[in-house]
Amino acid sequence: MSEKASTPVAAKKPYPFYLGGVAATIAASITHPLDLTKVRLQASGDKRMIASMQKTVRTAGARGLFDGISGTWLRQMSYSLCRFWAYDESKKIIGVQGKDAPAWKLATAGSMAGAIAGVVGNPGEIVMVRMQGDFAKPPEKRFNYKHCFDALYKMVRDEGVSSLGRGMGPNVFRAILMNASQLASYDFFKAELLKTHYFQDNIICHFTASFAAGTVATTVCSPADVLKSRIMNASGPGSNSTLQVIRTSLQNEGAMFMFKGWVPAWTRLQPTTILIFLTFEQLKNLVNWTRSKEYTIF
């Protein structure tokens, strides 16, 4: 009786707050070449995804597809860790309970989490974007950061502490859109799928829900994502003005510039979203298993 009674108590314990960050870091490491290509398409004159990847391999070798990987890790272990934690806490605050939570409550919790994570993760976001886009620039305009910590140090030294907040407006806006459309839609689609007779709470359900969430998130976030990449990749006085970037882009490219790089963004975000949630669900299963065995890993 004591063993049976202990199981429900263990299952109700909260999962480690860093679980989402670990899942996102694993996923982003796998899809880094696609993310790298997306940023370079948005911030440079490259036109096609495959051509951009071929250019990277031609100029920097296969290792060039993983340029800026330390910036990606920094970003995931700040922004993503925070957003998963804040999403769970926000759901508690607004009273989201069970699997039948209305979509607007999930979106509200996602927006709250995105606002917090967008601020916390802004420095890591800048470092990631700059390190990924560096080799797409002429040699004389490159930042030449050695790694993510070198990037943070040089930004503060050369541009001041305020540089860590560059592009925070569109970044926070994008983070709100991302979490409201990705985290919330995953929970929504998963709950709706489980109401049918065709799905159970397993990897097939998780895959289907994350696939739908990735498509929604890509479309909703594209305009803010493009603006964020262009502002953060810029340097010089006045280059961080959101209105100036919008005005210049509209004059040169028209309104569709907001969806430039949508295909590589979807190609990158789709597997990333799937990998994040599949990994996240498996990590939660691992936590449940270790607790059932009374291990103390988590």
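Student: How many cavities of 30 Å³ or more does a search of the whole structure find?
Tutor: This is a predicted model: local features need pLDDT of at least 70, side-chain atom pairs count only at pLDDT 80 or more, and totals for chains, interfaces and linings use all residues. Residues are numbered from 1 along each chain as its sequence is written, and side-chain values use heavy atoms, without hydrogens and water. On a 1 Å grid over the protein atoms alone, a cavity is a set of points where a 1.4 Å probe fits but cannot get out, while a pocket is an open set with protein on both sides within 12 Å along at least five of seven lines; lining residues have an atom within 4 Å of a point. At 30 Å³ or more, the number of cavities found is five.

Student: Which element gives the most to the lining of the largest cavity?
Tutor: Two or more lining residues come from each of α2, α5, α9 and α12. With five residues, the element that gives the most is α5.

Student: What is the volume of the largest pocket?
Tutor: The largest pocket is lined by 34 residues, and Tyr15, Asp88, Lys91, Asp187 and Lys284 are the closest to its centre. Its volume is about 1000 Å³.

Note on methods
Grid points are joined across faces, edges and corners, and a volume is the space filled by probe spheres set on the points. Helices (H or I, at least four residues) and strands (E, at least two) are DSSP runs, numbered from the N terminus.
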